[in-house]
Amino acid sequence: MTVRRRSSSFTPVFLVVLVFLVASGRSGCRDAGLCCTGRDPSCVSRGWRSDRSYGTCYCDQACVSTQDCCHDYETACPAVSCVVSEWAQWSGCAEPCKATVRRRSRMILQEPRNAGKPCPHLEEHAGCAEYWTHGGHCHNSLVPALIISGGYGNARKKRDIPDSGDIIGYCVQFQLTSLTKGCQQSADPHNQWMQNLKEGHRVCVECQPPALSAGQTHCAGDGEEEEGDRRRSLQWQAVGNPRCRGAWRRVGRLEVCSCPTAHSFLFI
């Protein structure tokens with residue numbers, strides 16, 4: 001009986017000592033001096049894992065997604081998220097007298113490390129049109145009407161519309177006669193409004209600053225100058241998706257837009 005008691009008491013002590021000896025080796029990222037970026041199979045240690053099991057564990061950035069990090073990965077390799085600068089000013093339009101784009105960009109101030117948040121996009125494009133050159137105004141036929149969702153007008157900041165207090169806008173109603181398939185095929189959530197463009201529908205397009213600036217009587221591309229034939233087919237293009245374009249016929253000018261929100265747009 002005494003031998004058995006000694007045997008039963010010796011076994012737990014032996015196991016504790018064995019676990020201690022194993023665990024006292026390369027037990028995690030800090031003791032191993034490891035902290036790697038990306039996916040690196042050689043960035044490996046041995047110790048307690050974050051799932052509370054003991055064995056091979058990793059100290060590379062990918063271990064967060066594969067869930068096989070060493071228990072001390074988060075403290076030994078603290079996550080540092082990407083930091084970017086504020087947006088620079090928008091550039092001018094790339095070319096006058098045509099539907100084109102303008103750009104703005106921002107810079108990376110801190111690269112992400114250790115599974116920190118990745119950097120957001122660093123460049124943005126927006127639809128743009130300059131309706132004049134150094135020599136004067138463009139010919140109206142060279143510039144299609146550029147349109148965007150009417151909801152954009154609610155988000156315009158006053159500082160983006162200098163000296164616009166005395167400018168009174170107006171609305172023009174058109175009937176869509178044709179449009180490209182690109183209006184229905186954009187995956188960008190910011191372009192979902194284009195799916196409301198349907199052939200045969202009537203739409204309202206508001207002319208307001210900054211598309212209507214001081215000294216101007218109308219927005220370019222609104223058909224106001226087509227004195228000879230108001231039923232003439234006019235060209236338009238959606239801002240943000242050059243594949244979404246088409247033609248419409250002017251129905252008439254309104255002081256206040258009366259179309260449903262889904263069919264209300266803005267000249268740019």
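Cys 207 and Cys 219 are joined by a disulfide (a pair of cysteine sulfur atoms within 2.5 Å), with an S to S distance of 1.9 Å. The torsion about this S-S bond is about 90 degrees, so the disulfide is right-handed. Cys 207 lies in strand β11 (residues 202-207), while Cys 219 sits in the loop between β11 and β12 (233-238), so the pair ties together parts 12 residues apart in sequence. Helices (H or I, at least four residues) and strands (E, at least two) are DSSP runs, numbered from the N terminus. Both Cys 207 and Cys 219 are buried, which means under 20% relative accessible area, with a 1.4 Å probe and protein chains only.

This is a predicted model: local features need pLDDT of at least 70, side-chain atom pairs count only at pLDDT 80 or more, and totals for chains, interfaces and linings use all residues. Residues are numbered from 1 along each chain as its sequence is written, and side-chain values use heavy atoms, leaving out hydrogens and water.

The structure holds 10 disulfides. One of them joins Cys 29 to Cys 59, with sulfur atoms 2.1 Å apart. This link is left-handed, with -100 degrees about the S-S bond. Cys 29 is in helix α2 (residues 29-32), and Cys 59 is in the loop between β2 (54-58) and α3 (63-66). The two are 30 residues apart. Cys 29 is buried, at 1% relative accessible area. Cys 59 is buried too, at 0%.

Now look at Cys 57 and Cys 70. A disulfide joins them, S to S 2.0 Å. Its torsion is about 85 degrees, so this disulfide is right-handed. Cys 57 belongs to strand β2, and Cys 70 to the loop between α3 and α4 (73-76), 13 residues apart.

Note on methods. Buried means under 20% relative accessible area, exposed over 50%, partly exposed in between (1.4 Å probe, protein chains only).
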